[in-house]
Amino acid sequence: MAKTDPAASKRERNKTIKWVVTIFLVTILISGIISLVSDEVMENSSIGIAFLILLIIILLGIVFDVIGMAVASADEKPFHSMAARKVPGAHEAIRLLRNAERVSSICNDVVGDICGVVSGSASATIAALMLTHVDVGWPRGVSLVMSALVAGLTVGGKAIGKTFAVNSCTQIVHMVGRVIYALNHLFAKKKK
């Protein structure tokens with residue numbers, strides 16, 4: 001058995017604790033902002049706009065779930081070839097893959113779960129909006145239908161997305177790398 005370095009073990013444990021605390025705080029911040037914005041917009045919107053916002057929140061959760069799964073599934077080798085040819089986004093894709101655990105955690109756990117919680121509260125807001133406009137004999141039915149619809153769209157969308165992510169992981173990671181590359185260059189130009 002190899003001996004473990006106690007100092008290295010302690011550094012790794014401290015790094016993990018710092019990561020967990022950071023993720024915890026970021027999740028609270030992002031969740032609060034998304035909930036506040038979606039609630040404010042939905043309360044002052046028509047039922048159609050509220051449904052559109054709900055669908056965007058669900059789609060956002062699915063997209064980030066796909067990204068997280070693709071990063072966890074992709075191989076780094078094709079991106080080294082792209083980086084050697086100076087293909088935009090290749091270096092960013094390598095960085096994503098080298099931090100796959102954290103990227104997957106942020107995409108799947110932070111953004112995905114936040115979207116799940118926010119879409120649940122958004123469906124309750126829509127149910128309340130519907131009940132103020134339409135007299136329904138069984139008000140609880142509206143809430144049940146909305147909850148079931150959100151759950152079905154989320155789970156079904158993520159199931160389709162995971163299959164797509166595993167089968168197209170290299171293309172997805174490269175696309176995300178290109179988006180990060182474009183954003184980095186955009187912000188670099190604004191700083192000049």
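These are my notebook entries on a predicted model of one protein chain.

**Entry 1: the overall build.** I started by listing the elements, and I found seven helices and zero strands. Read from the N terminus, the order is α-α-α-α-α-α-α. Next I looked up the radius of gyration: it is 21 Å, well over the 16 Å that the globule rule gives for 192 residues, so the chain is more spread out than a compact globule. The C-alpha trace spans about 70 × 40 × 40 Å along its principal axes.

Entry 2: How much of the chain counts as buried? I noted 33% of the 192 residues. The exposed surface comes to about 12,200 Å², with carbon and sulfur atoms supplying 67% of it.

**Entry 3: helix H1.** I checked the length of H1, which has 38 residues. At 1.5 Å a residue it should span 56 Å, and its end C-alpha atoms are 55 Å apart, which agrees. Ile-23, Ser-35, Ser-38 and Met-42 are buried in this helix. Which helices do the buried residues of H1 pack against? I found H2 and H5.

**Entry 4: the core.** I then turned to the largest nonpolar core, which has 41 residues. Met-42, Leu-54, Val-71, Phe-79 and Val-173 touch the most other members. Each helix from H1 to H7 supplies at least two residues of this core, and H5 gives the largest share, twelve residues.

**Entry 5: one residue up close.** I picked Val-173 and left aside its neighbours within four places in sequence. Its contacts include Val-71 and Phe-79, along with Ala-70, Ala-74, Ala-93, Leu-96 and Leu-97.

Methods: Residues numbered from 1 in each chain as written. Predicted model: local features only at pLDDT ≥ 70, side-chain atom pairs only at ≥ 80, totals over all residues. Heavy atoms only, no water. Core = buried A, V, L, I, M, F, W, Y, C linked by side-chain atoms within 4.5 Å. Buried < 20%, exposed > 50% of the residue type's maximum accessible area, 1.4 Å probe, protein only. Helix = DSSP H or I, 4+ residues; strand = E, 2+ residues; numbered from the N terminus. Contact = heavy atoms within 4.5 Å. Expected span 1.5 Å × (residues − 1). Rg over C-alpha atoms; globule rule 2.2 N^0.38 Å. Areas by Shrake-Rupley, 256 points an atom, 1.4 Å probe, with all protein chains shown as cover.
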